[in-house]
Amino acid sequence: MSVYKAEIPSFNAGEAKKIVKTLIIAVAILAFVGLVLGSFFTVPVGYVGVRINIISGQTESFPRGTYWKIPVIHRVVNYDVKTQRQEFKANSASKDLQAVHAIIVVNFRPDYTKVNDIHTNIGSDYVYKVIEPAVQEAAKAAISKLPVEMVVVERENLRAAIEERLVQKLAPYNIIIESVNITNIDFSNEFNRVVEEKQIEEQKVKKAEYQRMQAEEEKKRQILLAEAEAQKQQLLKQSVNKEVIGLKWIEKWDGRLPVYMMGDGQNVMLAMPNAKQ
């Protein structure tokens with residue numbers, strides 16, 4: 001019985017060194033490529049990049065384009081400087097201490113010339129650190145000046161007041177407010193119930209007033225009809241006399257005297273009315 005023995009290729013020392021050298025060169029090339037690629041960063045359109053030296057803490061901002069950086073030493077944060085839209089929920093109290101819940105939409109953008117300052121003084125989470133608290137404060141200040149029933153009526157003035165306050169509040173932080181809108185206003189369930197009941201009562205009062213006015217108009221109409229009928233009867237009474245009656249009788253007479261058959265068969269001729277009687 002024969003046993004098969006696999007033949008394992010043998011490498012001499014020269015071939016082994018050649019393989020190791022090839023691997024070292026490949027690793028070096030990959031490291032060099034990675035170093036080259038990692039030495040550049042790109043800032044896209046609509047953004048400003050902030051290059052941060054993690055050792056010294058020094059920062060510098062860059063507009064769109066491609067720039068160099070030292071791998072490991074430099075870190076880059078891109079800031080969106082286009083107009084951004086953020087929705088905030090603001091809970092406040094009216095002048096008469098009624099709860100008011102509003103949804104406020106703010107269109108804003110960071111000042112692209114001050115992005116480095118924003119990063120240094122606030123950070124990339126400036127929306128939650130600065131803008132949201134400012135919206136809450138502005139909404140509470142504006143709503144607290146109005147009684148609850150005027151909050152909806154004065155909606156546009158309320159919006160303008162919040163916008164004006166936000167512009168002033170966020171200017172020192174280099175945040176530009178472009179517009180503010182109030183998309184919804186709501187009140188407490190208790191207040192909504194009171195308003196609904198009030199509206200129902202007002203409708204009842206309006207209905208009763210309408211019915212009263214209708215009754216008054218009907219009464220006036222009946223009085224006018226009665227007065228007109230009375231005047232008509234008075235005019236008829238004044239205009240009717242014997243001459244008029246005789247004339248009417250002649251106008252309707254067909255030239256034949258009325259004849260009535262009496263019980264004894266005799267004819268009876270009725271005389272015409274005498275105007276001289």
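## Overall make-up

Helices (H or I, at least four residues) and strands (E, at least two) are DSSP runs, numbered from the N terminus. By that rule the chain has 7 helices and 10 strands. This is a predicted model: local features need pLDDT of at least 70, side-chain atom pairs count only at pLDDT 80 or more, and totals for chains, interfaces and linings use all residues. Residues are numbered from 1 along each chain as its sequence is written, and side-chain values use heavy atoms, with hydrogens and water left out.

Buried means under 20% relative accessible area, exposed over 50%, and partly exposed in between (1.4 Å probe, protein chains only). Of the chain's 277 residues, 24% count as buried. Contact means heavy atoms within 4.5 Å. Among contacts in the chain with a separation of 6 or more, 63% come from residues 24 or more positions apart.

## Helix 3

Helix 3 (126-143) has 18 residues. The expected span of a helix is 1.5 Å times one less than its number of residues.

The buried residues of helix 3 include Tyr126, Val127, Val130, Ile131 and Gln136. Several alanines are buried too, among them Ala134, Ala138 and Ala142. The cover over the buried residues includes strand 5 (74-80), strand 6 (84-93), helix 2 (115-121) and helix 5.

## Helix 5

Helix 5 covers residues 155-170. Its 16 residues should span 22 Å, and its end C-alpha atoms are 22 Å apart, so the two agree. Its buried residues are Leu158, Arg159, Ile162, Leu166 and Leu170. They lie on the same side of helix 5 because they cover an arc of only 100 degrees around the axis. That arc is taken from the directions from the helix axis to the C-beta atoms. An α-helix has 3.6 residues a turn, so residues three or four places apart point the same way.

Asn157 and Gln168 are exposed on the other side of helix 5. Cover for the buried residues of helix 5 includes strand 7 (99-110), helix 3, helix 4 (148-151) and strand 8 (175-187).

## Aromatic cluster

Rings of Phe, Tyr and Trp (its six-membered ring) pair if their centres lie within 6.5 Å; planes under 30 degrees apart count as stacked, over 60 as edge-to-face and the rest as tilted. The structure holds 3 aromatic pairs. Phe41 and Tyr67 have ring centres 5.6 Å apart and planes at 35 degrees, so this pair is tilted. The pair links distant parts of the chain: Phe41 is in strand 1 (residues 40-43) and Tyr67 in strand 4 (residues 65-68), 26 residues apart. Phe41 counts as buried because its relative accessibility is 6%.

Phe62 and Tyr67 also form a tilted pair, because their centres are 4.7 Å apart and their planes at 45 degrees. Phe62 is buried, at 10% relative accessibility. Ring pairs join Phe41, Phe62 and Tyr67 into a cluster.

## Around strand 3

Thr59 is in strand 3 (residues 59-62). Its side chain makes a polar contact with the side chain of Asn116 at 2.7 Å. A polar contact is a pair of N or O atoms within 3.5 Å; within protein, one must be able to donate a hydrogen and the other to accept it, and residues adjacent in sequence count only if both atoms are side-chain atoms. Beyond its neighbours within four places in sequence, Thr59 is in contact with residues including Val50, Ile52 and His119.

Gly57 sits in the loop between strand 2 (47-53) and strand 3. Gly57 counts as partly exposed, at 49% relative accessibility.
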